[in-house]
Amino acid sequence: MSVNTNPFANYTLSIATQYQETKKGLQEAQKKPARKLYRTMDAMLQECVFLGATRFGTNYIA
């Protein structure tokens, strides 16, 4: 049987656990959302008329 004589073991373990949780949370937050796909021009225009300008350029006319 090994007895843990380090009084800071629980403290260190708690910090390491919080670090891992924070690291995972930051990685999840940095993921980009999935890009929305439109099958037809009408489907895109139903959502927003200005969406075409951001997708096809500033010369896009709805």
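User: Which residues does Glu47 touch, not counting residues up to four places away in sequence?

Analyst: Contact means heavy atoms within 4.5 Å. By that rule, Glu47 touches Lys36 and Tyr38, with residues up to four places away in sequence not counted. This is a predicted model, in which local features need pLDDT of at least 70, side-chain atom pairs count only at pLDDT 80 or more, and totals for chains, interfaces and linings use all residues. Residues are numbered from 1 along each chain as its sequence is written, and side-chain values use heavy atoms, with hydrogens and water left out.

User: Is Glu47 buried, exposed or partly exposed?

Analyst: Buried means under 20% relative accessible area, exposed over 50%, and partly exposed in between (1.4 Å probe, protein chains only). Glu47 counts as partly exposed because its relative accessibility is 47%. Of the 62 residues in the chain, 6% are buried.

User: In which helix is Glu47 found, and how many helices and strands does the chain have?

Analyst: Helices (H or I, at least four residues) and strands (E, at least two) are DSSP runs, numbered from the N terminus. Glu47 is found in helix 2, residues 41-47. The chain has 3 helices and 0 strands.

User: Where in the chain is confidence highest, and where is it lowest?

Analyst: The term pLDDT is the predictor's confidence in each residue, from 0 to 100. Helix 1 (residues 9-29) has the highest mean, at 92, and helix 3 (residues 51-56) the lowest, at 64. The chain averages 78, and 71% of the residues score at least 70.
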